[in-house]
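Thanks for coming. Please look at the sequence and the model while I talk through a few parts of the fold.

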Amino acid sequence: MSLLLIGLGLGLAGTAAGALLSPRRRVPAAAVLGSGACVVAFVAAGRALVSGQTSTFRSVELLPLTGVRLSLDPLAALFIVTTAVVGLAALCYGVGYTEGGPRSRTATAMLPAFLTSLLLVPAAASVATFMVAWELMALTSTLLLLVEHRHRAEARDAAQWYGAMTHVGAAAILLGLLLLASRAGGQTFAAIGLRAGAMSPTTRSLAFVLVLVGFASKAGAVPFHVWLPRAHPEAPSPVSALMSAAMVNLGIYGIVRVGDGLLGGGVLWWWLVVVGLGVASALFGALHAAASSDLKRLLAYSTVDNVGLVLIGVGAAGALEVTGHRALAALAMLAALFHLVNHAAFKGCLFLGAGAVQQASGSRDLDRLGGLVHRLPLTALLFGVGALSISALPPFNGFASEWLLLEGLLHGFAAHSAATTTALLAGVAALALTGGLTAAAFVKALGIGFLGQPRTPAAANAREVAPSMLAGMAMLAAPCLLLGIVPGSVVPMLRRAADTGLGDTFARPLRADLGLNLAGFEGAIEPVLLLAAFVGALVVAWASVRLFARRGARRAEAWGCGRELQTARMEYTATSFAEPLQRVFADVLRPDHDLEVTHVAESRYFRQAISYHSRVDDALERTCYRPVIRLVEAWGGFARRAQNGNLHRYLAFGLVALVALLVVLA
Amino acid sequence: MRRLPVLRSLFARRTTEDLPRPSNASGGLRLRGSLQLRHVDAGSCNGCELEITSAFGPHYDAARFGARLVASPRHADGLLVTGVVTRNMAVPLRKTLEAVPRPRVVVACGDCAIDGGVFAGAYGIASGLEAIARPDIQIPGCPPDPTTITDALRGLTGR
């Protein structure tokens with residue numbers, strides 16, 4: 001625990017250094033102190049995860065009236081470890097990242113602060129501490145989102161959306177936790193956990209629904225996801241990576257901590273709602289990811305998709321726990337946490353890669369990229385590792401966790417309750433469909449963005465990014481491969497975290513120590529063997545081509561119907577790649593198409609110009625959020641009529657109010 | 001009966017003509033059994049196209065002997081070229097030829113593709129087909145009738 005405190009102190013020192021030192025010194029100082037915070041926190045949390053011990057800390061002086069309470073148990077430690085690794089990679093990457101001009105004082109100071117709050121949230125053990133850490137996280141991330149507001153108006157818009165969503169969420173969480181604290185008669189998590197069983201079912205359900213709304217809006221689950229596809233593309237890339245790979249996780253953490261931990265499992269329908277949220281997020285996110293042509297927007301929607309998968313696992317675990325299948329619940333929770341960790345690794349790597357692409361070529365629109373594999377070979381390699389992982393292909397980590405999740409869901413069918421089985425079935429179907437859609441999305445990202453011919457001069461002149469940026473990406477690409485090859489090595493730790501998450505400390509029977517066993521079948525998926533088979537097949541294929549091919553390869557122009565002038569503009573684009581999917585899922589995606597044809601004045605047979613616009617807006621945003629926004633705007637407009645800026649009118653208001661008051665009192 | 005084409009077709013004679021096996025159907029080239037061709041109109045009067053359409057239609061049905069017209073040279077074993085090579089079509093023809101995987105065959109269909117036919121020496125002609133690719137087989141006629149085309153293709157497929 002003292003180590004974790006040292007880590008948090010280092011993070012705050014980094015903030016101070018970034019805010020106070022001279023421009024030349026502050027960037028390295030903040031980076032070094034922030035990295036120190038990550039390393040120390042990693043060690044502290046890693047020890048807790050390996051030993052399974054819980055340590056606590058309390059201080060009355062730090063926060064007036066309520067004091068600070070921290071607790072480091074394996075569940076919290078898992079999230080801290082994940083955050084620390086992503087944070088270290090993002091800081092290392094940030095050294096070379098110069099997109100959006102030189103770094104301002106705010107950006108330098110806020111990044112360590114954001115990181116500290118991310119490390120602090122899982123360790124918080126009382127309502128006050130938790131809310132302070134949570135709001136610190138919200139505020140620092142909003143400021144970081146606004147760093148590039150001078151260059152891009154979209155950043156302001158995104159920050160507004162993010163601020164609104166995160167504060168509605170924080171209010172819901174605060175209400176829920178305060179309700180619990182008032183009924184429990186104490187604001188520490190321990191007190192709430194102790195007395196939650198005695199509360200009325202209505203109170204508990206109300207509190208759970210409130211915190212679920214709050215945490216789901218932070219996690220980016222549908223229908224609270226609207227801020228993600230705006231905020232993630234507009235934030236500087238190290239911040240997008242931190243948001244998507246670390247901050248979003250904390251939403252899941254909150255659901256597990258409050259639902260399973262404090263409220264002790266609760267009622268079946270809670271978890272069926274969570275599975276429902278998960279299924280909706282997974283499908284909606286994957287569909288939009290497949291349809292997006294903006295690289296970072298694609299990644300943001302893919303985060304919605306992966307959060308959905310984790311929620312399916314968490315919901316399944318909760319439902320199985322409530323119906324009394326404790327071993328199966330532990331398996332589902334383990335799978336969900338494993339996927340969450342893996343998602344942090346590959347999505348962090350992909351966001352950093354997208355930032356490298358943006359810095360090198362000045363664009364993140366896939367339709368303006370192309371051919372980057374020749375210009376940025378290392379970035380392409382690392383981005384490729386991330387893309388293969390997220391597409392759940394062996395031997396990468398996405399495969400391991402999605403396999404485990406599928407296994408957990410399939411075994412859940414043993415729980416003979418119609419509602420649970422239906423929810424699990426929906427989860428399996430969502431997992432299968434999103435698997436395919438994610439693969440399509442990342443074939444697009446990699447194939448259109450990195451292969452082919454450059455579509456713009458900027459893409460043709462791209463140069464490989466700084467070594468520190470590559471090192472940052474590599475720090476996250478390495479776990480993608482390692483966790484995929486030897487998933488068995490982290491299973492004991494995940495199991496401790498999953499058991500703590502489900503609210504107990506005794507070890508449950510589970511056969512997932514070595515490789516990934518599919519219980520009920522006498523086989524196991526052994527990723528190392530898969531890797532060996534894959535490498536062997538590659539060697540055989542290469543050798544047989546060398547031995548048996550009669551002549552060398554012949555290079556010919558790409559077939560373009562024989563037309564004489566063939567340019568890169570005629571290449572397959574991201575939009576055209578996604579068009580068939582967009583057409584199939586038009587009911588969900590609701591794409592807008594505009595085709596304008598202008599004819600020359602003399603004859604309608606000749607066209608002067610053709611313009612075509614195609615946009616895929618968020619249908620949920622249009623149908624659920626726009627009316628609310630219009631309502632608020634109308635209310636604001638109404639209020640403005642009273643506020644005309646004329647001093648005489650305000651004095652008249654005061655006079656009328658005074659007279660009214662006197663009349664009422666008299 | 002006349003009003004009901006469906007019923008009539010039930011009792012009608014077979015549409016497809018029985019074609020005797022031609023003497024050249026030995027499969028002299030390496031492409032035995034099946035032949036996928038991309039058709040290039042290098043400047044034809046469309047007479048040859050009519051006959052090719054007919055050769056692949058239900059009556060002559062060249063497809064039953066293994067020959068097929070495909071949409072992309074990437075899928076093809078060779079080209080079926082009709083017409084003189086006009087100036088506008090010289091580059092596309094060359095590019096299409098380049099896009100066919102090796103080994104490939106080139107079939108010159110009609111007198112124009114073979115030696116310019118009635119258009120020989122006209123001002124819009126770029127060169128003969130010979131100058132771009134030597135045809136492996138030639139199908140003479142202006143236009144060649146569908147039987148001739150089918151027989152020539154059977155010479156390649158060997159069926």
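Start with strand β6 of chain A, residues 607-615, which is hardly covered: the count of buried residues among its nine residues is zero. Buried means that 20 or more other C-beta atoms lie within 10 Å of the residue's own, exposed means 12 or fewer, and partly exposed is in between, with C-beta atoms placed from the backbone. Strands here are DSSP runs of E with at least two residues, helices are runs of H or I with at least four, and both are numbered from the N terminus.

This is a predicted model, in which local features need pLDDT of at least 70, side-chain atom pairs count only at pLDDT 80 or more, and totals for chains, interfaces and linings use all residues. Residues are numbered from 1 along each chain as its sequence is written, while chains are lettered from A and ligands numbered from 1 in the order in which they are written.

What joins β6(A) to strand β5 of chain A? Eight bridges do, and the two strands run antiparallel. Two strands pair if DSSP finds at least two bridges between them.

Next, confidence. pLDDT is the predictor's confidence in each residue, from 0 to 100. Chain A has a mean of 88, and 96% of its residues reach 70 or more. Over residues 505-523 of chain A the pLDDT is below 50. Where pLDDT is low, the predicted coordinates should not be read in detail.

Last, chain B. Its secondary structure comes to six helices and seven strands. Of its 159 residues, 37% are buried. Where chain B meets chain A, the contact takes 10 residues from chain B and seven residues from chain A, contact meaning C-beta atoms, placed from the backbone, within 7 Å.

Key:
Two residues are in contact if their C-beta atoms, placed from the backbone, lie within 7 Å.
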